[in-house]
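Please look through the sequence and the model shown here.

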Amino acid sequence: MLSDIEIAQQADMHKITQIAAQLGIQPDELEPYGQYKAKLSDALEKRVAQNPAGKLILVTAINPTPAGEGKTTTTVGLGQAMAKIGRNAIIALREPSLGPVFGVKGGAAGGGYSQVIPMEDINLHFTGDIHAITAANNLLCAMIDNHIQQGNALDIDTRRITFKRCLDMNDRALRNLVVGMGGPANGVPREDHFMITVASEVMAILCLATDITDLKTRLGKIIIGYSRSGKILYASDLQAQGAMAALLKDALKPNLVQTLENTPCLIHGGPFANIAHGCNSVRATRLALKLADYVITEAGFGSDLGAEKFMDIKCRYAGLTPNAIVLVATIRALKYNGGIPKDKCSEPNVDAMQAGMVNLEAHIENLQKFGVPIVVAINRFAADTDEEIAALEQFCKAKGADFALSEVFAKGGEGGRDLAQKVVAATEKPGSFHYLYDLDKPVKEKIETITTKIYGAAKVAYSADAEAAIKEIEAAGSGNLPVCIAKTQYSLSDDPNKLGRPTGFTVSAAVVRLLNGAGFIVVETGAIMTMPGLPAKPAACQIDIDADGNISGLF
Ligand SMILES: Nc1ncnc2c1ncn2[C@@H]1O[C@H](COP(=O)(O)OP(=O)(O)O)[C@@H](O)[C@H]1O
Ligand SMILES: O=COP(=O)(O)O
Ligand SMILES: [Mg+2]
């Protein structure tokens with residue numbers, strides 16, 4: 001079989017103006033970036049605002065292996081399959097981060113015959129949105145350190161600056177550093193830290209902002225740290241929000257591209273779901289709902305992360321109601337959850353798969369708590385045996401769960417017809433969507449609702465810092481915000497080694513941070529890091545470009 005990039009490079013790409021025309025988008029509502037990418041204008045958003053909204057479908061997954069289980073691939077394949085069955089659908093994805101592209105997972109443009117294209121552009125610089133987010137974030141950092149250098153009128157406590165620099169790269173050497181070295185002309189020395197751009201508050205703000213005014217307001221509300229008297233300081237205290245918003249003017253507009261089968265795709269925003277809220281932007285999702293009868297979108301990692309945050313943060317803020325959920329399960333991930341090492345998960349092993357079924361069961365039960373019809377998508381890999389597939393289908397039947405065997409990786413839209421039919425039917429079932437918790441509950445109660453009802457934890461252990469932060473957040477009147485738990489994606493717990501369906505465990509809430517601009521409270525658990533590191537053999541080592549500009553090795 002050809003590699004992902006070889007399939008993508010052989011695709012018959014249509015001009016982006018043709019893809020736009022399929023959606024009724026006028027040429028003057030499109031801002032092309034070359035012939036195959038474009039941003040969608042504010043004028044379009046205004047013109048279609050009164051259109052009836054389409055149906056919203058979320059794609060999530062069980063706990064993944066490090067390679068990922070095919071949510072993006074399934075989202076793309078389902079979008080293609082909907083066209084095959086004559087349904088008018090758009091897919092809405094997050095933009096890939098350079099961290100995984102050069103790290104372990106590789107790109108995030110789907111795979112096989114279900115990819116979005118041009119995949120090299122999408123996986124690398126795309127339309128520059130993540131670079132703009134990095135620049136806006138680091139402009140604020142430069143203004144913080146400059147304010148201190150210029151006399152520190154705000155009396156910023158240099159030991160309590162909470163806003164970190166960012167870079168869209170897996171670079172562990174930047175996790176902890178000292179800035180301002182070199183003497184009086186070069187700044188004031190202080191400890192600082194980098195996080196990966198996709199975990200930054202500016203990324204979260206871009207994904208939740210409804211327009212440029214809302215964006216600027218949110219940016220101004222970013223907490224940068226404290227004065228030495230303990231006063232909370234904001235980006236607006238440095239008059240930074242205007243310049244930051246100006247840097248993000250174009251990044252705020254959703255991007256239009258296409259799938260291998262020339263069906264439309266919006267890509268906008270790219271937060272990870274383990275260390276951030278894991279959903280593409282509200283603007284892109286809302287716009288897509290006004291342009292098509294079905295919108296298929298994905299949220300990162302398993303339902304314990306991306307799907308829970310999609311429901312309780314994104315849908316709540318955007319007033320969205322999902323009409324169906326696709327739960328991607330793979331035989332390899334079930335074996336992984338059944339205790340098989342990741343490099344052995346392609347070997348036939350029904351027993352191990354059966355042992356790992358408890359993880360699928362947990363995710364089905366989790367998603368049922370949101371009151372939205374579910375379809376399990378068995379994402380078929382070449383190594384899957386008929387016996388394993390039959391056993392998995394039998395499990396779904398016994399569980400009373402709708403399911404479909406999906407072969408969109410190997411066959412594109414043709415491999416997703418049954419899934420598409422099942423999903424359309426699911427969207428026509430009565431739903432009773434509801435959030436997991438009410439915002440007016442105490443912060444600890446919201447945290448413990450997620451950890452017990454979704455993760456299956458027995459309790460939460462709060463560090464002294466976490467306890468103090470929760471008290472301070474509630475005393476400042478900000479306790480009525482959603483919670484965004486940062487934890488490992490490999491386990492329902494905060495311990496990556498607890499696979500399957502662990503019970504009786506304790507989740508450790510180590511750090512609690514108020515993202516005042518984004519409007520949610522981050523709870524960092526276990527040993528989660530906001531700046532990943534590259535692996536021993538980075539994917540970057542196999543990426544190359546020839547004299548004609550042809551890129552290879554991206555996957
Ligand atoms: N059915 C499949 N067979 C082979 N490889 C697959 C299949 N589905 C997905 N992949 C590959 O697995 C990796 C993860 O897929 P992706 O869709 O990015 O998962 P997720 O979005 O859940 O992280 C990608 O390299 C993709 O090409
Ligand atoms: O945030 C993680 O997203 P994927 O699960 O699509 O890799
Ligand atoms: Mg993905």
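**Helix packing and local features**

T449 lies in helix α18, where helices (H or I, at least four residues) and strands (E, at least two) are DSSP runs numbered from the N terminus. This is a predicted model, in which local features need pLDDT of at least 70, side-chain atom pairs count only at pLDDT 80 or more, and totals for chains, interfaces and linings use all residues. Residues are numbered from 1 along each chain as its sequence is written, chains are lettered from A and ligands numbered from 1 in the order in which they are written, and side-chain values use heavy atoms, with hydrogens and water left out.

Q: Is T449 buried or exposed?
A: Buried means under 20% relative accessible area, exposed over 50%, and partly exposed in between, with a 1.4 Å probe and protein chains only. The relative accessibility of T449 is 13%, and therefore T449 counts as buried.

Q: Which residues does T449 touch, not counting residues up to four places away in sequence?
A: Contact means heavy atoms within 4.5 Å. With residues up to four places away in sequence not counted, T449 touches L436, Y437 and I454.

Q: How far does the backbone oxygen of E445 lie from a polar atom of the side chain of T449?
A: A polar contact is a pair of N or O atoms within 3.5 Å; within protein, one must be able to donate a hydrogen and the other to accept it, and residues adjacent in sequence count only if both atoms are side-chain atoms. Between the backbone oxygen of E445 and a polar atom of the T449 side chain, the distance is 2.6 Å.

Q: Which word describes how α12 and α18 lie to each other?
A: Axes are lines fitted to C-alpha atoms, for helices over the stretch in contact, and angles run from 0 to 180 degrees between N-to-C directions. Helix α12 (residues 303–318) packs on helix α18 (residues 443–455) at about 125°, with the axes 11 Å apart. Angles under 35 degrees count as roughly parallel, over 145 as roughly antiparallel, 65 to 115 as roughly perpendicular and the rest as oblique. The orientation of α12 and α18 is therefore oblique.

Q: Which residues of α12 and α18 make the contact?
A: Helices α12 and α18 pack with their axes 11 Å apart. On the α12 side the contact is made by D304, L305 and E308, and on the α18 side by I450, I454 and Y455.

Q: Which residues in α18 and α19 meet?
A: Helix α19 (residues 464–475) packs with α18 at an angle of about 125°, their axes being 10 Å apart, and the two helices are therefore oblique to each other. In α18 the residues are V443, K444 and I447, and in α19 they are E467, I470 and E474.

Q: How do the residues of the contact of α4 with α17 divide by class, and how many are charged?
A: The axes of helix α4 (residues 71–84) and helix α17 (residues 417–427) come within 8 Å and cross at roughly 85°, and the helices are therefore roughly perpendicular to each other. The contact is made by T74, L78, A81, M82 and K84 of α4 together with R417, L419, A420, V423 and V424 of α17. Ala, Val, Leu, Ile, Met, Phe, Trp, Tyr, Cys and Pro count as nonpolar, Asp, Glu, Lys and Arg as charged, and the others, Gly among them, as polar. These residues divide into seven nonpolar, one polar and two charged.

Q: Which residues of α11 are buried?
A: Helix α11 (residues 282–291) is mostly covered, with eight of its 10 residues buried. The buried residues are V282, R283, A284, T285, L287, A288, L289 and L291.

Q: What is the omega of the cis peptide bond that joins I117 and P118?
A: Most residues other than glycine have a negative phi, and most peptide bonds are trans. P118 is found in the loop between β6 (114–117) and α6 (119–123). The bond joining I117 and P118 is cis, with an omega of about 5°.

Q: What is the phi of F126?
A: F126 has its place in the loop between α6 and α7 (129–149), and F126 is buried, its relative accessible area being 5%. Although F126 is not a glycine, its phi is positive, at about 50°.
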